[in-house]
Amino acid sequence: MLQAILFDVDGTLADTERDGHRVAFNLAFRDAGLDWHWDVSTYGELLAVTGGKERIRHFIETRDPARPEVEDLAAWIAGLHKAKTAHYLDLLQRGEIPLRPGVKRLLDEARAAGMRLAITTTTTPENVTGLLRATLGEDSPDWFELIAAGDIVPRKKPAPDIYTWALERMRLAPGETIALEDSANGVRSARAANVPVVVTINDYTADDDFDGAIAVHSHLGNQGAPAETLAGPAPDNGMVDLHYLARLLERRTNPEPS
C-alpha cells in the first residue's frame with residue numbers, strides 16, 4: 001500500500017537545470033573572473049555527472065580550462081559552487097523558475113489525503129528550500145517529513161544511498177513508496193534501492209534510458225492539460241494523481257496473470 005511519495009527536485013519539481021542552475025553557474029564563473037561559459041549543449045553533457053561540485057571538477061579534469069593555481073582545489077570548487085548557489089537562489093526569488101505542470105496539484109492532493117512526503121535529491125538543501133518557498137510559500141518545506149539533500153550521503157545518484165538513507169529514517173519499506181524522477185541517473189538510484197519510480201521527462205532527459213521505471217510521462221498533468229504517457233500504463237484522466245500512483249504500486253506488487 002502506498003505510504004509515501006519521494007520527490008526528486010531538479011527537473012522533476014521544476015525545470016531548474018537549463019534556465020536555473022546553468023545560468024547561475026555562468027554568473028558565478030563571471031564573478032570569479034573565469035572565461036568559462038556553459039552553453040545549453042555543454043551543460044546537457046555535464047548533467048551526466050551528478051552534483052554541482054562534481055560537475056565543476058569533471059569539467060576541469062576533462063576540458064582543462066584556464067583557472068587559477070590553487071593549493072586546495074576541493075576548497076576552491078566548494079567556494080565557486082557556494083557562489084553559484086547564491087545566484088540560483090536569487091533567480092528563484094525573482095520568480096524565474098516555476099513549478100512543472102501538475103506538481104502543485106499532486107502535492108495539494110497528497111497533503112489533503114495525509115500522504116507522507118519526502119525530498120530525495122542531490123542538490124543542496126538551500127536550493128531545495130529556496131525553490132519550495134519561492135513557488136509554494138514560506139511554510140512549504142514543512143510539508144515534507146524529510147528533506148534528504150546534498151552531501152548528506154557520501155555517494156550521489158545513480159548510487160542508491162539517498163533513497164536508502166531516506167527509507168531508513170522514515171522506517172518504510174521500498175515497496176511502500178514511489179519515487180518521482182526525471183533522469184536515467186534518478187531511475188538507477190531509486191531502482192538500486194528497490195524503490196518503484198515514475199518518470200516525468202524534460203528537454204535534457206527526453207532521450208535517457210528509463211529502463212526499470214514503471215511509467216514515463218511528459219509531466220504530471222493538469223485539468224485541461226493532460227500528460228502524455230510515453231511508457232507504462234496511462235492515467236485515466238491524463239493526470240498523475242494518488243489513485244494512479246497507488247494503482248501502479250498495486251500492479252507492481254500483484255501483477256496480473258498473463
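**A walk through the predicted model**

The protein carries 27 positive and 40 negative side chains, and the centres of the two sets lie 3 Å apart; here Lys and Arg count as positive and Asp and Glu as negative, while His and the chain ends are not counted, and each charge is placed at NZ of Lys, CZ of Arg, CG of Asp or CD of Glu. This is a predicted model, in which local features need pLDDT of at least 70 and side-chain atom pairs count only at pLDDT 80 or more, whereas totals for chains, interfaces and linings use all residues. Residues are numbered from 1 along each chain as its sequence is written, and side-chain values use heavy atoms, with hydrogens and water left out.

The secondary structure comes to 9 helices and 7 strands, where helices (H or I, at least four residues) and strands (E, at least two) are DSSP runs numbered from the N terminus. The radius of gyration is 18 Å, close to the 18 Å that the globule rule gives for 258 residues, so the protein is as compact as a globular protein of that length; the radius is taken over C-alpha atoms, and the rule is 2.2 Å times the number of residues to the power 0.38. Of the 258 residues, 53% count as buried, meaning under 20% relative accessible area, with exposed being over 50% and partly exposed in between (1.4 Å probe, protein chains only).

Helix α6, residues 125–136, has 12 residues that at 1.5 Å each should span 16 Å, and its end C-alpha atoms are 16 Å apart, which agrees; the expected span is 1.5 Å times one less than the number of residues. The buried residues of α6 are N127, V128, G130, L131, L132 and L136, and they pack against α1 (16–31), α4 (73–93), α5 (103–112), β2 (116–120) and β3 (146–148), a contact being heavy atoms within 4.5 Å. After α6 comes G137, whose phi is positive, near 110 degrees.

In the loop between β3 and α7 (161–170) lies P158, which a cis peptide bond with omega of about 20 degrees joins to K157. The loop between α7 and β4 (177–181) holds R171, which is not a glycine and yet has a positive phi of about 55 degrees; R171 counts as exposed, at 77% relative accessibility. N194, in the loop between α8 (184–192) and β5 (197–200), is likewise not a glycine but has a positive phi of about 65 degrees, and N194 is partly exposed, with a relative accessible area of 48%.
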